[in-house]
Amino acid sequence: MQVIITDAWMARSRAFHLNGFKLILAILLASLVLMLVSAGLYHWVFMKGAREGWPVIGSLVRLVAKDEIAQRDRYLKENIEVLAKRLGEMQAKMLQLESLGERVSGLAGINPAEITAAPGRGGALIASRHLSIEELDATLASLDSAASKNADVMTVIESRLFEQRIKKMMVPTQQPVLDANLGSIFGWRIDPITGRSALHTGLDFPASVGTPIYAAAGGLVVTQEYHPQYGNMLEVDHGNDLITRYAHASKVHVKKGDLIKRGQRIADVGNTGRSTGAHLHFEVLVQGVPQDPQKFLNAGKGLGTERSASSKASVLQR
């Protein structure tokens with residue numbers, strides 16, 4: 001392609017030779033220049049019209065602004081709904097954590113007020129800024145993850161403490177007769193009937209006939225019978241080859257196969273079997289071998305105040 005430019009005033013002409021590549025390049029440059037000029041002109045006219053309030057342009061500006069505000073409001077509404085849902089989930093998890101904390105502190109013997117009090121915080125304010133929605137969402141996600149992990153940890157701790165509490169409740173540390181003086185102790189003694197040295201395999205608690213006998217620990221009644229030596233007798237299995245025996249009862253309130261709990265009234269003191277007077281003969285056997293019950297009862301003295309109070313309350317109710 002050949003382009004000839006003629007200058008009439010200077011009476012001369014100039015020719016340009018354009019091949020296909022140069023022609024396409026020229027068209028593209030012309031189009032780019034035209035677009036830039038149009039965009040600049042449009043921007044100048046639009047901005048001038050918006051500032052001076054030209055009727056048509058002012059209406060367009062208001063429509064664009066209205067649409068942008070509507071989109072922003074819709075975006076904020078959607079994010080607020082999402083955040084509200086997240087906050088609801090967080091509130092449920094915090095309530096779960098609070099409930100778990102109270103149960104765990106109770107099992108651990110800690111006052112819940114000591115762990116629920118808000119910790120002291122402070123310091124100099126160096127700089128502050130508003131949180132963005134993205135930062136707030138990230139913070140909520142972090143708190144949600146931490147709450148879930150803490151809830152799992154607290155659940156495991158609760159189960160471990162509960163297992164320990166159950167194991168303690170299955171050890172015979174409860175005094176079987178309240179406020180009773182100890183008679184014969186465990187070990188060798190002079191037999192009150194034969195007058196000869198004999199092994200006493202338990203503890204004797206002298207008391208009047210009808211005095212309540214309480215379970216030293218929770219367990220399963222495995223024996224309830226009349227024995228020629230022990231009279232009306234009960235045996236309670238506490239697991240781990242640990243059995244307690246209650247002998248010489250005047251009346252039995254449970255039967256074989258019953259599940260009993262610590263401090264439950266299971267019998268009344270009597271004078272049945274081989275006995276010289278009303279008392280409870282109390283034994284502790286581990287794998288069938290008699291042990292000194294006093295060692296178990298001494299281990300429970302630190303916890304005995306609360307249990308004795310509850311047992312006394314149950315006696316008063318009866």
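This is a predicted model: local features need pLDDT of at least 70, side-chain atom pairs count only at pLDDT 80 or more; totals for chains, interfaces and linings use all residues.

Biologist: With Arg-189: what's its relative accessible area?

Modeller: Arg-189 comes out at 22%, which makes it partly exposed. The side chain of Arg-189 meets that of Asp-204 in a salt bridge, with N to O at 3.4 Å. That pair links distant parts of the chain, as Asp-204 sits in strand β5 (residues 203–206) and Arg-189 in strand β3 (residues 187–190), 15 residues apart.

Biologist: And Asp-204, buried or exposed?

Modeller: Buried. Asp-204 has 9% relative accessibility, and the cut-off for buried is under 20%.

Biologist: OK, how many salt bridges turn up in the whole structure?

Modeller: The search finds six.

Biologist: Which residue does Arg-274 pair with?

Modeller: Asp-191. The closest N and O atoms of that salt bridge are 2.9 Å apart. Arg-274 is in the loop between β11 (265–269) and β12 (279–286), while Asp-191 is in the loop between β3 and β4 (197–200), so the bridge ties together parts that are 83 residues apart in sequence.

Biologist: How accessible are those two?

Modeller: Arg-274 is partly exposed at 33% relative accessibility. Asp-191 is buried, with a relative accessible area of 8%.

Biologist: What about Lys-255, what does it bridge to?

Modeller: Lys-255 forms a salt bridge with Asp-258, and their closest N and O atoms are 3.3 Å apart. Lys-255 counts as exposed because its relative accessible area is 52% and the cut-off is over 50%.

Biologist: Which residues are joined into one network by shared partners?

Modeller: Glu-235, Arg-245 and Glu-283, through salt bridges that share partners.

Biologist: Switching topic, how many aromatic pairs does the search find?

Modeller: One for the whole structure. The rings belong to Tyr-246 and Phe-282, with centres 5.3 Å apart.

Biologist: Why is that pair called tilted?

Modeller: Because the ring planes of Tyr-246 and Phe-282 are at 45 degrees. Under 30 degrees would count as stacked and over 60 as edge-to-face, with the rest tilted.

Conventions: Residues are numbered from 1 along each chain as its sequence is written. Side-chain values use heavy atoms; hydrogens and water are left out. A salt bridge is a side-chain nitrogen of Lys or Arg within 4 Å of a carboxyl oxygen of Asp or Glu. Helices (H or I, at least four residues) and strands (E, at least two) are DSSP runs, numbered from the N terminus. Buried means under 20% relative accessible area, exposed over 50%, partly exposed in between (1.4 Å probe, protein chains only). Rings of Phe, Tyr and Trp (its six-membered ring) pair if their centres lie within 6.5 Å; planes under 30 degrees apart count as stacked, over 60 as edge-to-face and the rest as tilted.
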